[in-house]
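Thanks for coming, everyone. Please have a look at the model on the screen, and then I will walk you through it.

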Amino acid sequence: MRRTPPAVGSRRFDLLVVGDVNPDVIVSGVPEEILYAQVEQLVDTGTITVGGSAAILACGAARLGLRTALVGLVGDDAAGRFMLEQLAARGVDVSGCVTHDSLATGLTVHLVREDDRAMLTFPGCLPALTAAMVGRAFVRDARHLHVSSFFLQPLLARELPDLFGAARAGDATTSLDTNWDPADRWEGVAAALPLTDVLLPNSEEALAIAGTLGPSGSTASGSDPRAPESEDPIVAAMRRLAALGPLPAVKCGADGALALVDGRLVTAPTVTAGVADTVGAGDSFDAGFLAGWLAGRRIEESLALGAACGALSLRGAGGTDWQPTFDEALAAAGAAPRR
Ligand SMILES: Nc1ncnc2c1ncn2[C@@H]1O[C@H](COP(=O)(O)OP(=O)(O)OP(=O)(O)O)[C@@H](O)[C@H]1O
Ligand SMILES: [Mg+2]
């Protein structure tokens, strides 16, 4: 049985987001070859903005009208203060964020060219975030708990089953976007999946996480009778993930998104909105999907809202400045109006 979040308006926050908070430095029009030996090369644009998967998601959710709180770790430095100010200005409650007294705020540099980008991340204090830093009052006061960037925060990752267990004990629903594993090991996610209501990977991440499980999820034995031999590998991976409990909603870039609803494949096409850079598309997708989930919409609609929010966020540089309102997302997704 799929769990549903507590009723709209029943808690102080619709959404508590826990995870990575750091500025993004984005330069676009990067030359084909990056030269060393102190050669200076010019690029077309340069932007410093809100980064970190959790922070971008929280801004997207606030923009969509969700009452959103964020818990993350920043350093006692200009980058940390920049992040807290920017988040607050976008309507995110940052009163639960923690300032580390010795480690610096993390930073990601995005080198964007054509339809691709490289990302260089200095983790700074990000790996020091623990579940104990997440105030239990915030967990109690939220209808839904989302965690971003599992592999950048190993202490939090280890304690994730307990944190999700606490949220679920208070009847909140839970979701996880692991994002990429820089070590390419993908370990440890399986323990959290039975306590995760919605898993929000991209297609590569879904394949990688499922690759660490048995043929139909580590709790099941034998092969899944519903999965034909010739099935698309991404759909087969989704079945293996779903066998452990979560509803997989998988992002497929310009191809839109897929979800597995009680064994049935649901798809959402992307919408065409122009692409300045793809920074934050996945996090904006998560915000849109969760806005649908928290409004009690059907998974088909939540997926379409996610795809619309992902695509609309690409209209300008960075992850947050072009995130849509709920009405803009509904219109782009072709979903039923507000009720
Ligand atoms: N080039 C694109 N054109 C149109 N829509 C896109 C494009 N890239 C992404 N989207 C939309 O945004 C959603 C999420 O993007 P994507 O699949 O890139 O997620 P991701 O890989 O998790 O991203 P991130 O790097 O932000 O973590 C897609 O499902 C799609 O709807
Ligand atoms: Mg992602």
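**A walk through the model**

Let me start with Thr49, which sits in strand E3, residues 45-51. Strands here are DSSP runs of E with at least two residues, helices are runs of H or I with at least four, and both are numbered from the N terminus.

Before I go on, the ground rules. This is a predicted model: local features need pLDDT of at least 70, side-chain atom pairs count only at pLDDT 80 or more, and totals for chains, interfaces and linings use all residues. Residues are numbered from 1 along each chain as its sequence is written, chains are lettered from A and ligands numbered from 1 in the order in which they are written, and side-chain values use heavy atoms, with hydrogens and water left out.

Back to Thr49. Is Thr49 buried or exposed? Buried, at a relative accessible area of 4%. Buried means under 20% relative accessible area, exposed means over 50%, and partly exposed is in between, using a 1.4 Å probe and protein chains only. The areas come from the Shrake-Rupley method with that 1.4 Å probe, and for residues only the protein chains shown count as cover. What does Thr49 touch, setting aside neighbours within four places in sequence? Its contacts are Pro23, Asp24, Ile26, Phe82, Arg90, Gly318, Thr320 and Asp321. Contact means heavy atoms within 4.5 Å.

Two of those contacts, Arg90 and Asp321, also pair with each other. They form a salt bridge, with the closest N and O atoms 2.6 Å apart. Arg90 is in the loop between helix H2 (78-89) and strand E6 (98-100), and Asp321 is in the loop between helix H9 (299-312) and helix H10 (326-333), so the bridge ties together parts 231 residues apart in sequence. Arg90 is partly exposed at 22%. Asp321 is partly exposed too, at 47%.

How many salt bridges are there? The count is 16, where a salt bridge is a side-chain nitrogen of Lys or Arg within 4 Å of a carboxyl oxygen of Asp or Glu.

Next, Asp14 and Arg143. Their side chains meet in a salt bridge at 3.0 Å, N to O. Asp14 lies in strand E1 and Arg143 in strand E9 (residues 142-148), so this pair joins parts 129 residues apart in sequence. Asp14 is buried, at 7%. Arg143 is buried as well, at 2%.

Now Asp262 and Arg2. This salt bridge is 3.4 Å, N to O. Asp262 is in the loop between strand E13 (257-261) and strand E14 (264-268), Arg2 is in the segment before strand E1 (13-18), and the two are 260 residues apart. Asp262 is exposed at 68%, while Arg2 is partly exposed at 35%.

On to helix H1, residues 53-63. Of its 11 residues, 10 are buried, so the helix is largely enclosed by the rest of the structure. Among the buried ones are Ile56, Leu57 and Cys59. Gly65 follows H1, with a positive phi near 100 degrees.

Last, helix H4, residues 154-158, which holds Arg158. Arg158 is exposed, at 64% relative accessibility. From Arg158 to Ala268 is 110 residues in sequence and 33 Å in space, C-alpha to C-alpha.
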